[in-house]
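Morning, everyone. One structure today, and I'll keep it brief. Please have a look at the screen.

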Amino acid sequence: MKARILSELDDGKALETVARVLMETYNLDVAIGKIGKILDHHSFNSKRGQYDAWKLVQMYSEERKKDEYLLLIVEGDIYASGFNYIFGLAWQGVAIVSTYRLKQEFYGLDPDQKIFIERLVKEAVHEIGHLHGLTHCSDRKCVMAFSNWIGDTDYKSWMLCQNCRLKLGKT
Ligand SMILES: [Zn+2]
Ligand SMILES: [Zn+2]
């Protein structure tokens with residue numbers, strides 16, 4: 001199986017790290033595709049000032065080829081109904097991750113590229129895990145643990161726990 005990354009974030013180091021970890025975790029052939037704008041007014045909710053993640057994954061499902069997973073990395077804030085915000089979402093072969101709340105600057109702190117890349121990798125591995133049929137994991141160190149806030153993302157590792165690896169069909 002292949003994966004293709006479409007990204008608004010123009011950061012070679014971050015994208016290559018995401019691609020490498022996805023390759024190692026899921027044995028995927030990962031390509032970094034087009035870098036450029038993904039978010040547009042069709043998916044923008046002006047009342048919330050956020051982008052509708054469901055709309056985006058549905059729109060991009062038409063762009064997805066049959067033998068690939070599509071990972072969208074966007075810079076704006078995204079939401080899904082029932083949540084104030086989300087870090088990412090996955091649906092039928094298409095995943096989206098937002099960098100908006102992964103940057104230290106968002107929390108009033110100094111920029112830190114290492115922390116940012118770690119968070120981005122975790123969220124990408126998490127969403128691609130959903131595309132492989134994995135559900136949320138009760139092991140809070142497992143990358144499939146649900147992140148309610150950035151502290152959960154920082155607490156968990158970028159790796160699948162033993163259970164989730166078994167579910168993936170690996171040992
Ligand atoms: Zn999840
Ligand atoms: Zn797990």
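Which residues in H3 are buried? Keep in mind that this is a predicted model. The buried ones in H3 are Arg119, Leu120, Val121, Lys122, Glu123, Ala124, Val125, His126, Glu127, Ile128 and Gly129.

Helix H3 covers residues 113–131, 19 residues in total. From first C-alpha to last, H3 reaches 27 Å, close to the 27 Å expected at 1.5 Å a residue. After H3 comes Gly133, with a positive phi near 90°.

Now the whole chain. The protein chain has five helices and eight strands. Starting at the N terminus, the order is β-α-β-β-β-α-β-β-β-β-α-α-α.

Next, strand S1, residues 2–7. S1 pairs with S2, residues 29–35, in the parallel sense, over five bridges. Arg4 sits opposite Ala31 in S2. Between S1 and S2 the chain passes through helix H1, residues 12–26, and this β-α-β crossover is right-handed. S1 also pairs with S5, residues 68–74, again parallel, over six bridges. There, Leu6 has Leu72 of S5 as its bridge partner.

Last, overall dimensions. The C-alpha trace spans about 45 × 40 × 35 Å along its principal axes. Take the contacts between residues at least 6 apart in sequence: 59% join residues at least 24 apart.

Definitions and conventions. Residues are numbered from 1 along each chain as its sequence is written. Chains are lettered from A and ligands numbered from 1 in the order in which they are written. This is a predicted model: local features need pLDDT of at least 70, side-chain atom pairs count only at pLDDT 80 or more; totals for chains, interfaces and linings use all residues. Helices (H or I, at least four residues) and strands (E, at least two) are DSSP runs, numbered from the N terminus. The expected span of a helix is 1.5 Å times one less than its number of residues. A residue is buried if 20 or more other C-beta atoms lie within 10 Å of its own, exposed if 12 or fewer, and partly exposed in between; C-beta atoms are placed from the backbone. Two residues are in contact if their C-beta atoms, placed from the backbone, lie within 7 Å. Two strands pair if DSSP finds at least two bridges between them. A crossover is right-handed if, with the strands pointing away from the viewer, the path from the first strand over the helix to the second runs clockwise.
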